[in-house]
Amino acid sequence: MDKNKLLLSASIIFGIVGLLHLLRSVFGWEAVIGNFNVPLYISYIAVVIAFYLSFSMYKAAKLR
């Protein structure tokens, strides 16, 4: 695969992850890893980071 296809694939994956975190934030879904209950504010942070990475990779794929 060339770089553009890989960047676009990664952009889509990060977009989906960001969307899932956004849905968790809106609907208040619980996330439990082992015995640890993941706080909701972590999803707020993850939404921003995932959408930023998605946008950056999409932009990089279109520039090449």
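Me: Helices are taken here as DSSP runs of H or I with at least four residues, numbered from the N terminus. With that in mind, which helix gives the most to the nonpolar patch?

Reply: The model is a predicted one. In it, Leu 19, Leu 22, Val 26, Phe 27, Trp 29 and Phe 51 form a nonpolar patch on the surface. Phe 51 has its place in helix α2, residues 41–63. The most, four residues, is given by the helix of residues 3–27, helix α1.

Me: How much accessible area do the residues of this patch have together?

Reply: The protein exposes about 4900 Å², and carbon and sulfur atoms supply 72% of that area. For the patch formed by Leu 19, Leu 22, Val 26, Phe 27, Trp 29 and Phe 51, the accessible area together is about 600 Å².

Me: Is Phe 51 buried, partly exposed or exposed?

Reply: Residues under 20% relative accessible area count as buried and those over 50% as exposed, with partly exposed in between. Phe 51 has a relative accessible area of 33%, so Phe 51 is partly exposed.

Me: Are the rings of Phe 27 and Trp 29 stacked, tilted or edge-to-face?

Reply: A pair of aromatic rings is described by the distance of the centres and the angle of the planes. A search of the whole structure finds one aromatic pair. The ring centres of Phe 27 and Trp 29 are 5.6 Å apart and the planes lie at 20°. Planes under 30 degrees apart count as stacked, so the pair of Phe 27 and Trp 29 is stacked.

Me: Which class of accessibility does Trp 29 fall into?

Reply: Phe 27, at 54% relative accessibility, counts as exposed. Trp 29 has 45% relative accessibility and therefore counts as partly exposed.

Me: With which residues is Ser 43 in contact, leaving aside its neighbours within four places in sequence?

Reply: Ser 43 is found in helix α2. Its relative accessible area is 0%, so Ser 43 is buried. Leaving aside neighbours within four places in sequence, the residues in contact with Ser 43 are His 21, Arg 24 and Ser 25.

Me: In what order do the elements of the protein run from the N terminus on?

Reply: The protein has two helices and two strands. From the N terminus on, the order of these elements is α-β-β-α.

Me: What radius of gyration does the protein have?

Reply: The C-alpha trace spans about 45 × 20 × 15 Å along its principal axes. For a compact globule of 64 residues the radius of gyration would be near 11 Å, but for the protein the value is 14 Å.

Definitions and conventions
Residues are numbered from 1 along each chain as its sequence is written. This is a predicted model: local features need pLDDT of at least 70, side-chain atom pairs count only at pLDDT 80 or more; totals for chains, interfaces and linings use all residues. Side-chain values use heavy atoms; hydrogens and water are left out. Rings of Phe, Tyr and Trp (its six-membered ring) pair if their centres lie within 6.5 Å; planes under 30 degrees apart count as stacked, over 60 as edge-to-face and the rest as tilted. Buried means under 20% relative accessible area, exposed over 50%, partly exposed in between (1.4 Å probe, protein chains only). Patches are made of residues with over 30% relative accessible area and no salt bridge: like charges are joined within 9 Å, nonpolar side chains (Val, Leu, Ile, Met, Phe, Trp, Tyr) within 5 Å. Accessible areas come from the Shrake-Rupley method with a 1.4 Å probe; for residues, only the protein chains shown count as cover. A salt bridge is a side-chain nitrogen of Lys or Arg within 4 Å of a carboxyl oxygen of Asp or Glu. Contact means heavy atoms within 4.5 Å. The radius of gyration is taken over C-alpha atoms; the globule rule is 2.2 Å times the number of residues to the power 0.38.
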